[in-house]
Amino acid sequence: MKGSPIIATAITIVVLLALYMSMRSIILPEEPNSATVDAHAGHDHSSHQEPTGGHNDNALETDFELYFSSIPESVTIFQPSTNKEVLKITDLDSSEWTGSGTMSLDGHFVELQVDIEWQTPSEMNFAQIITNPARHASREKTLRSDGNISDIAEFNW
């Protein structure tokens, strides 16, 4: 018998390990590029640093997209944690609405009280809410109800 199976196995393992390490260094570089953005919890900390090194998520300008099953009579979005009204819409002429409001993301968890009233509510109404706070990733939530909607939408960043 020529050669030892143990030595052949060891050489095979070393060759395969070298191939794996070289492919990994090509595909996944070990040191991050200095241009890489430090993203945490869906937003970029580097673009809004405070002098103390933190960031301020109070009173962020937030873009909203709202989609409804039919044209509602009124929409009110209220943030209970800050006791402030985020949106109040009364003159809707479409089942889609785009606009902005101000809400607080302090703690990266937001509860919004959503109240939507229809002049003649159907058996199953829905509203899809898409939030896009400044310097944060967008989040969406769909609320459903028989009749008018009065529910809490929870968002987490």
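Predicted model: local features only at pLDDT ≥ 70, side-chain atom pairs only at ≥ 80, totals over all residues.
The chain comprises one helix and 10 strands, and from the N terminus on its elements are arranged in the order α-β-β-β-β-β-β-β-β-β-β. Of its 157 residues, 30% count as buried, while the chain as a whole exposes about 10300 Å², of which carbon and sulfur atoms supply 52%. When contacts between residues at least 6 apart in sequence are considered, 63% are found to join residues at least 24 apart.

In soluble globular proteins, nonpolar side chains tend to be buried together. The largest nonpolar core of the model contains 25 residues, among which Leu-66, Phe-68 and Leu-112 touch the most other members. Two or more residues are given to this core by each of strand 3 (60–68), strand 4 (74–79), strand 5 (84–89), strand 6 (96–103), strand 7 (109–117), strand 8 (125–133) and strand 10 (149–156). With its neighbours within four places in sequence left aside, Phe-68 is in contact with Val-75, Leu-92, Ser-95, Trp-97, Ile-116, Trp-118, Phe-126 and Ala-127.

Nonpolar side chains are also present on the surface, where Ile-7, Ile-11, Val-15, Leu-16 and Leu-19 form a patch with about 490 Å² of accessible area together. Leu-16, one of the members of this patch, is located in helix 1, which spans residues 5–27. Leu-16 is classed as exposed because its relative accessibility, at 53%, lies over the 50% cut-off.

Notes:
Residues numbered from 1 in each chain as written. Heavy atoms only, no water. Patch = residues over 30% accessible without salt bridge, like charges linked within 9 Å, V, L, I, M, F, W, Y side chains within 5 Å. Areas by Shrake-Rupley, 256 points an atom, 1.4 Å probe, with all protein chains shown as cover. Salt bridge = Lys/Arg side-chain N within 4 Å of Asp/Glu carboxyl O. Helix = DSSP H or I, 4+ residues; strand = E, 2+ residues; numbered from the N terminus. Buried < 20%, exposed > 50% of the residue type's maximum accessible area, 1.4 Å probe, protein only. Contact = heavy atoms within 4.5 Å. Core = buried A, V, L, I, M, F, W, Y, C linked by side-chain atoms within 4.5 Å.
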